[in-house]
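I opened a new notebook page for this structure.

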Amino acid sequence: MKKYLLPLSLLFLALFTASCNKDWTEEQYEQYVSIVAPMNWNSCTPIYLRYKGDGKATYELPIEVTGSTNNIADRDVYLQEDLDTLNDMNVARFGLYRKDLYFKAYDKSKYKLPEVVKIPKGESKAIANIEFDLNGIDMNEKWVVPLSLVSDDSYNYVPHPRKNYSEAILKINPFNDFSGAYSTSTQTVTLVDEFDNAIGDAMTTDKRTAYVVDENTIFFYAGLMNEELEDRHKYKIKVRFLNPGTEDASLKKIEVFCDNAEDIDFKLHTTPEELKYSTAVIDDSVYPYLEHHYVTINIDYSFNDISSSKDSNGDVVPIRYRATGVMILERNINTLIPDQDQAIQW
């Protein structure tokens, strides 16, 4: 009886193989065009742009044709600013009363989208080069570029029907050699009197984020001031790093200043001779391709909190603090990746 089973098995195998081949040759899905921009926890796509001397940077945004077979046509794809999606996201996340926390659309005059992104027949991906001018960017705000694919029946492509593939909100994150999350666990913030002498217990926070001002300058918010404070812009402490790249430790100096120094009575207690920074590069003990880059500064300053307390007449009651100690930036870099924005482990 077994001799009759063999032909039957071969017949089923032939039918199954033909079915599989058909599945592989015929398109299983629609060939939609998508923006490749994975979202993070805040519904945005972080993009990292190195701030160079001229403030110019380019981000390469992938555009792809989705489907199970090769792209069957030459396609001209168009991008546009999408303020409606940005507004909907802001209202859903922050409501109508904390507009100071809204993500803001970057000025259209400060970036340039490609006129058209061409995806040739037989290819599934192309790059949209978005050119940025970062000069004068104020990272007190959360700048984004909200985009969507232009949809028109006359075009030779169809945007993906799911919004997270046909739209993107690119969160601009400029960086330089000194920006990032500084460890401040060894820096103390203390309530002080009018002579800057301690009158309260020392407080600490794990980190302070330093944002880009220009190629060699950063800012962070003073003391323990909340980064979501409505008038947080009043507490921006700026640090300019001099002679970056030098091996001479005596030339590694910093300048510390505050544009709002008079209003918050900012006072620097570190002497000019003490205003220095140090750098170090240490190989990882486990992964030979990984480097740890460190920047260390020691800073001592005092300032008034003019946001937290008012008297019965509504007048500001300043609360004075002094911040003293070391701030350390650690940046981990994968040396196997040539593009620095991707090599850094953000």
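**Strand pairing.** Before I start, one rule: two strands pair if DSSP finds at least two bridges between them. I also note that the model is predicted. With that rule I looked up E7 and E9. I found 2 bridges joining E7 to strand E9, residues 125-133. The two strands run antiparallel. Within this pairing I checked Tyr111, and Tyr111 stands opposite Phe132 in E9.

**The sheet.** Next I asked in what order the strands of this open sheet lie. The order is E1-E3-E9-E7, 4 strands with antiparallel pairing. Which strands stand at the edges? They are E1 (33-35) and E7 (111-112). Each has a single partner strand, so one side of each is left without a neighbour in the sheet.

**Aromatic pairs.** I then searched the whole structure for aromatic pairs and got 20. I looked at Phe94 and Phe103, one of these pairs. Their ring centres are 6.1 Å apart, with 45° between the planes, and the pair is tilted. Is Phe103 buried or exposed? At 4% relative accessibility, Phe103 counts as buried, because the cut-off is under 20%.

I went on to Tyr106 and Phe132. Their ring centres are 6.4 Å apart and their planes stand at 40°, so this pair is tilted. It links distant parts of the chain. Tyr106 lies in the loop between strand E6 (103-105) and E7, while Phe132 is in strand E9. The two residues are 26 residues apart. I checked burial for both partners. Tyr106 has 5% relative accessibility and counts as buried. Phe132 is buried with a relative accessible area of 2%.

I also noted one aromatic cluster. Tyr235, Phe266, Tyr301, Phe303 and Tyr321 form it.

**Charges over rings.** I came back to Phe103 and asked which residue lies over its face. It is Lys142, at 4.6 Å from the ring centre. I made a further entry for Phe219. Lys236 lies over its face, at 4.6 Å from the ring centre.

Last, I looked up Asp305. It is placed in strand E21, residues 290-305. Asp305 is buried yet has no salt bridge. How far away is the nearest side chain of opposite charge? That side chain is Lys234, 8.8 Å away. I then asked what the side chain of Asp305 contacts. It makes a polar contact with the side chain of Ser308, at 2.5 Å.

Definitions and conventions
Residues are numbered from 1 along each chain as its sequence is written. This is a predicted model: local features need pLDDT of at least 70, side-chain atom pairs count only at pLDDT 80 or more; totals for chains, interfaces and linings use all residues. Side-chain values use heavy atoms; hydrogens and water are left out. Rings of Phe, Tyr and Trp (its six-membered ring) pair if their centres lie within 6.5 Å; planes under 30 degrees apart count as stacked, over 60 as edge-to-face and the rest as tilted. Buried means under 20% relative accessible area, exposed over 50%, partly exposed in between (1.4 Å probe, protein chains only). A charge sits over a ring if NZ of Lys or CZ of Arg is within 6 Å of the ring centre and within 35 degrees of the ring normal. Lys and Arg count as positive and Asp and Glu as negative; His and the chain ends are not counted. A salt bridge is a side-chain nitrogen of Lys or Arg within 4 Å of a carboxyl oxygen of Asp or Glu. A polar contact is a pair of N or O atoms within 3.5 Å; within protein, one must be able to donate a hydrogen and the other to accept it, and residues adjacent in sequence count only if both atoms are side-chain atoms.
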